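Grab a pencil and work through these exercises with the structure open beside you. Each one has a task, followed by a solution in steps.

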Amino acid sequence: MADVTLTADGHARLLRDGNELPLLGLGVWQVHPGQETETAVRWALELGYRHIDTAQGYGNEESVGKALLDSGLPRDEVFITTKFHPGSKDPEAEAEHSLRRLGLDRVDLYLVHWPQDGPTWMWPGMERAHERGFARSIGVSNFDVAELDAVLAQAGVQPAVNQVQFSPFKHRRALLEACAQRQVVLEAYSPLTTGGNLGDERLAQIAERNERTPAQVLLRWAVQRGIPVIPKSTRRERIEENAQIFDFTLSDADMEALDGLDETGGTAHAIERPWWRRWIRAVR
Ligand code: NDP
């Protein structure tokens, strides 16, 4: 595995452009705009999260921005990601719209949400958004290796991040390796398998052995390798639980056992069933 560079406190990953991506963030997909998002983000910020992952398609950027403002935290202390919805045409214009909704003058990371209608057409617009200072870092999401290479081949500003579905059950080992070789940080979405595998018996045994919860074990497995995670929860006690992952270490044997839960065959693919090919307007 290629080098993973963390900040001195070990809690953030250094990106190729020098920016720092906190290893833990709160994801807000499927969190209702208004009270639900504002409360979840407020709790997360109170509990020490300094990274929020939203998207134009989630419909809750305004609520994320309100919670951030209400927190009183200095803007520089919180890392905000949003994503360009590729059903729209112009990433630069859409970034401005996002900033208006968020009430910010820049985001920290702006991602192409998925490679709809090809991987490269949106990149010049992403670069313009970066040049105009709307986003400190730019990157992609749900991109396979070939799609990433197509962007890298034409890019002036290279993508810093590829956000993909990643967990022990979706251990896309070849994609992780390919991203590392290209100095693109793989960021894990659905790190708790959207809840689907949290009841797995093998996972439960590892959790019990470590006196931790299954969710903490899944998140620790990733951050122990320097992979950023963005678990979603709307419950305060779970938001707190999911942040308690920097005070224990999984043994090599446990890491290997978790690796063994992979259902993808160590694939280089970003996703098995690209939803954007079937449902153009689907949002994730
Ligand atoms: P996660 O893998 O984070 O799992 C969330 C589910 O697990 C929810 O049902 C939540 O329920 C439950 N949960 C959370 N914490 C715990 C816990 N400690 N114990 C038990 N259950 C728990 O799901 P997501 O698929 O939402 O992924 C996380 C984030 O990744 C998204 O919110 C989004 O920001 C990003 N994402 C990006 C995509 C992309 O295309 N770029 C696609 C999908 C996700 P509850 O809320 O009730 O606690």
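**Exercise 1. Find the angle and the axis distance at which helix 3 and helix 4 pack, and say which residues make the contact.**

Start with the two elements: helix 3 covers residues 91-102 and helix 4 covers residues 123-131. Helices here are DSSP runs of H or I with at least four residues, strands are E runs of at least two, and both are numbered from the N terminus. The helices pack at an angle of about 45°, with their axes 7 Å apart. Axes are lines fitted to C-alpha atoms, for helices over the stretch in contact, and angles run from 0 to 180 degrees between N-to-C directions.

Next, name the arrangement: helix 3 and helix 4 are oblique to each other. Angles under 35 degrees would be roughly parallel, over 145 roughly antiparallel and 65 to 115 roughly perpendicular, with the rest oblique.

Last, look at the contact (heavy atoms within 4.5 Å). Helix 3 brings Pro91, Glu92 and Ala95, while helix 4 brings Gly125, Met126, Arg128 and Ala129.

A note before you go on: this is a predicted model, where local features need pLDDT of at least 70, side-chain atom pairs count only at pLDDT 80 or more, and totals for chains, interfaces and linings use all residues. Residues are numbered from 1 along each chain as its sequence is written, and side-chain values use heavy atoms, leaving out hydrogens and water.

**Exercise 2. Work out the strand order of the open sheet, and say which strands stand at its edges.**

First, the order: seven strands run 3-4-5-6-7-8-9, with parallel pairing. Two strands pair if DSSP finds at least two bridges between them.

Then the edges: strand 3 (26-27) and strand 9 (185-189) each have a single partner strand, so one side of each is left without a neighbour in the sheet.

Now zoom in on one pair. Strand 5 (residues 79-84) and strand 6 (residues 107-112) are joined by four bridges in the parallel sense. Threonine 81 is bridged to leucine 109 of strand 6, and lysine 83 to leucine 111 of that strand.

**Exercise 3. Is aspartate 108 buried or exposed, and what does its side chain reach?**

Aspartate 108 itself has 3% relative accessibility, so it counts as buried. The cut-offs are under 20% relative accessible area for buried, over 50% for exposed and partly exposed in between (1.4 Å probe, protein chains only).

Now follow the side chain. It makes a polar contact with the side chain of arginine 75 at 2.9 Å, and it reaches the backbone nitrogen of isoleucine 80 at 2.7 Å. A polar contact is a pair of N or O atoms within 3.5 Å; within protein, one must be able to donate a hydrogen and the other to accept it, and residues adjacent in sequence count only if both atoms are side-chain atoms.

**Exercise 4. Describe where serine 141 lies and what it touches.**

Serine 141 belongs to strand 7 (residues 135-141) and is buried, at 1% relative accessible area.

Leaving out residues up to four places away in sequence, serine 141 touches several residues, including Trp114, Asn162 and Tyr189. A polar atom of the serine 141 side chain lies 3.4 Å from the backbone oxygen of histidine 113.
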